[in-house]
Amino acid sequence: MTYDTIITDSHVILPNGMIEKNILIDEGKIVGFTTDTPACDHKINGAGLVSIPGPIDTHVHYGVYSPINEAAKTESHAAAIGGITTMMRMLRLGDPFTNSLQAQLDTASKNHYVDYAIHASIFTPQQINEMNYCIEKGITSFKIYMNLGGEVGHVYMDMPPNSSSLVEAQVNVTDELVEQTVKAAAELGCPVLVHAEDYESCGCGIKTAKEKNQDGLSAWSSSRSPEFEAKAIKTISKFGRDYDCVIYFVHIGSERALKQIEEEKKLGTKIFVETCPHYLTLSYEKQSGYLAKVMPPIRTEDDRKAVWNALSNNQIDTIGTDHVANQLKLKLDGENVWSALAGFPGIGTAIPILLNDGINQKKISLEQFVRFTSQNAAQIFGMYPQKGTLEKDSDADITMIDLKKEKTVTSDLFGGFSDYIVYEGRNLTGWPVKTIVRGEIIAENFEVIGKLGHGKLVDRKINLFSK
Ligand SMILES: [Zn+2]
């Protein structure tokens, strides 16, 4: 027989270590490894490159500042150039899922270059009742924003497809709503993703800082103290223990939060931890301007080092970018840190940053890199072993990286919606040079060559962490 594709001579990272074999691909799946070269329609020369399981970005906001019919195109384009083969969307809808989810799904299904999955945010009791409906639609993880409520309850929801206006809302994610979401998710066998910042404390912190006329990223950080993260972590970890629910903390970036999580794990809560590239690279001590405003804030150099330590020691499970596809005119709409919009793009730079700062500086091994960027996410979110590994019968989602490739970051490198990037001008060594999704080359040498609409909603399993 003739296979579809063979990738020759690359270093292949498998769960048990690196092998030097050719990868055989047929009908979008990995079908075997060889040392010879059987007949194939396509041959990809992998000499000098490392083949890793396609990275999964666990945390992406797109469809908020441009509608999903546009955002899926631009942001999955950026993902493909950045070597990401599956992007997990943080969907925020203000109205019932039964009203507005289907249109989002239909539009998304035609507009992605790479595969995708969805986390649904919960803002109302009615949405809790519709969690089962979400599962029927393939959404098996739920996000709760403990930072939103009271004086800091303003949020932009995702826009309806083909719309051109932003959707502003005011929400109250009370402890009661958090508890009921955890309870329902536990019964359904789904993990709950948590933005852990206590909104009442943050509201007070911001009010005080404004009264004192403080400004800048340091003021932003002190107005939302790591203590407020620890408080929210305590609250939801208790609910997690009470109902036996898997808790996944998104964007953990402070030493205090990491410490609190270790304590809650010891008490018996089943917890997974995500960090973002910006907590590994940026601190308010070294970053000026407002571009790097984000929730939770970037912290001190000591925090940054603590996050690297936690990653090296496997206290962190996944890397999500918290990518926000926004633009400067909205980002810097005003003259102080308080009026700037939180969040910035990062889906394109995640892999090169981890290669440059992590692998090439020997802070993490290639095997760890694979666990943090794909394997753990696939296991936590029910996509393993279809995604997250290069074993036989898995999807042929393969990113080929060149550890010696040097390139300077610019905002237009990725073709996303955003017109800026916090890493502008940073020279990085180690880049993805081929992004393959289910056997098709989607991006090669910083150019997208794949078909729009190739990206599919990933099938997911539930009840993975039984009692
Ligand atoms: Zn986020």
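Which strands and which helix each supply at least two residues of the lining of the largest pocket?

## The largest pocket

Strands S8 (56-61), S11 (142-145) and S12 (154-157) do, along with helix H6 (199-211). Keep in mind that this is a predicted model. The pocket itself comes out at a volume of about 820 Å³.

Its lining runs to 35 residues, and if you want to find the middle, look for Leu148, His154, Met295, Leu341 and Ala342, which lie nearest the centre.

## The largest cavity

The largest cavity has a volume of about 100 Å³.

Around this cavity sit 14 lining residues; His323, Pro345, Ser411, Phe414 and Gly416 are the ones nearest its centre. Sorted by class, that lining splits into 7 nonpolar, 6 polar and 1 charged.

## The second largest cavity

Next comes a cavity with a volume of about 60 Å³. Here S8 turns up again, supplying at least two residues of the lining, as does helix H13 (350-359). H13 gives the largest share, with 3 residues.

The lining includes Pro55, Ile56 and Asp57, plus the run Ile319, Gly320 and Thr321. Ile84, Ala350, Ile351, Leu354 and Thr373 are also part of the lining. By class, you get 7 nonpolar residues, 3 polar and 1 charged.

Technical notes
Residues numbered from 1 in each chain as written. Predicted model: local features only at pLDDT ≥ 70, side-chain atom pairs only at ≥ 80, totals over all residues. Heavy atoms only, no water. 1 Å grid on protein atoms, 1.4 Å probe; cavity = no way out; pocket = protein on both sides within 12 Å on 5 of 7 lines; lining within 4 Å. Points joined across faces, edges and corners; volume = space filled by probe spheres on them. Helix = DSSP H or I, 4+ residues; strand = E, 2+ residues; numbered from the N terminus. Nonpolar A, V, L, I, M, F, W, Y, C, P; charged D, E, K, R; others polar.
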